[in-house]
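Hi,

Here is the model I promised to pass on.

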Amino acid sequence: MTAPRDHGGGIDAAATAHGGTRADWLDLSTGINPVAYPLPAITADAWTALPDQAARDTLESAARKFWNIPAGAGILAVPGASSAIAQIPRLAPAARVYIPAPTYNEHAASFAAQGWEITQDPAKAQASVLVNPNNPDGRQWQADATVGRLRVIDESFGEVTPDATLIAQAAEPGTVVLKSFGKFWGLAGVRLGFVIAEPALLDKLATMLGPWAVAGPALQIGAAALGDAAWADVTRSRLTDDAARLDEMMLAKGADLLGGTSLFRLYEVEDAVLWQARLAEHHIWTRVFPYNPRWLRLGLPAADGWARLSAALA
């Protein structure tokens, strides 16, 4: 069995190493909104019946309006953006793919698994993957940075910077835009994501994923959340304020801000593993990166976690 790649989360392993139970831990290692969208009422048949076309249409209509998806582009709901990431390399013959590092590591892993060569030189690539805004540094891209016949734009964290979206490119043949639901709406366990692209590509991807890919409750939850623009506006404002608050706390303790989004912040410290271990003594889990010993990433605490983080940093 292949060893899991480096990601945030892993509270069970943190508890094994540092003590306590899951309930004792404050998980700041992910970029998931700590104040989740309130769950709507879910009809009984969402649990008991196979998902029908009407539920998918309702969700996809709400998504099309929320993201202002261009005419000519289709939309496909998927069981989490990661499910699409694993299949997208199969949409074109394997060659070279430009994936500028550092970035979310599942893209390179999925392309490599399908025989693609990863390159840092866009001039040599027949495909490209841009994470916009990028994880972990928050870098934003312009449309002219995409190259090749297959152009993937991963906007899993894009809801916090809607003005920077490249969604207008989705109608162009060969362009694939990914959207995540779990991060901004704080419901990662729902396992819902979206692929926006030309209909021909979406038909291929839908065949790969098989029928009834998205569960009935996820369809209803997603439709309610995407139809609630007021909640999204209030949430963006709160996240911006909370990110500034986190920066103030971390910079006061000697960390330097490198970037990020309002869902996660990337800091440079003298020894990231040491910082992680010290916070873990207080059952607070953060993210370090195997490729840079000075990078430490923190997500946002919920309202009841700020005092705990402040005490741990004291």
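This is a predicted model: local features need pLDDT of at least 70, side-chain atom pairs count only at pLDDT 80 or more; totals for chains, interfaces and linings use all residues.

One definition before the rest: contact means heavy atoms within 4.5 Å. Helices (H or I, at least four residues) and strands (E, at least two) are DSSP runs, numbered from the N terminus. Axes are lines fitted to C-alpha atoms, for helices over the stretch in contact, and angles run from 0 to 180 degrees between N-to-C directions.

With those in hand, helix 6 (residues 199–209) lies across strand 2, strand 7 and strand 8, at about 20° to strand 2.

Residues are numbered from 1 along each chain as its sequence is written, and side-chain values use heavy atoms, with hydrogens and water left out.

The seven-strand sheet

The strands that helix 6 lies across bring us to an open sheet of seven strands, ordered 2-8-7-6-5-3-4, with mixed pairing. (Two strands pair if DSSP finds at least two bridges between them.) Strand 2 (74–78) and strand 4 (117–119) are at the edges with a single partner strand each, so one side of each has no neighbour in the sheet. On average, neighbouring strands here are turned by 20° against each other, direction ignored.

Strand 7 (residues 175–180) and strand 8 (residues 193–197) run antiparallel and are joined by five bridges; Ser 180 has Gly 193 in strand 8 as its bridge partner. Helix 3 (residues 53–67) also packs on this sheet, touching strand 2, strand 7 and strand 8, and its direction makes about 120° with that of strand 2.

Strand 13 is mostly covered, with six of its eight residues buried (under 20% relative accessible area; exposed is over 50%, partly exposed in between; 1.4 Å probe, protein chains only). Strand 13 pairs with strand 10 through five bridges, running antiparallel, and Leu 266 stands opposite Arg 297 in strand 13. Strand 12 and strand 13 form a hairpin with two residues between them.

The cores

A nonpolar core is a set of buried Ala, Val, Leu, Ile, Met, Phe, Trp, Tyr and Cys residues joined through side-chain atoms within 4.5 Å. The largest one has 57 residues, and Trp 67, Trp 185, Phe 194, Ile 196, Leu 226 and Met 250 touch the most other members. Domain 1 (11–36 + 230–313) and domain 2 (44–227) both contribute residues, so this core lies between them; the domain bounds come from an automatic or database domain assignment.

What does Trp 185 contact, leaving aside its neighbours within four places in sequence? Its contacts include Phe 66, Trp 67, Glu 159, Leu 226 and Trp 231. Apart from this core lies another of 22 residues, among them Val 78, Val 97, Leu 202 and Leu 205.

Cheers
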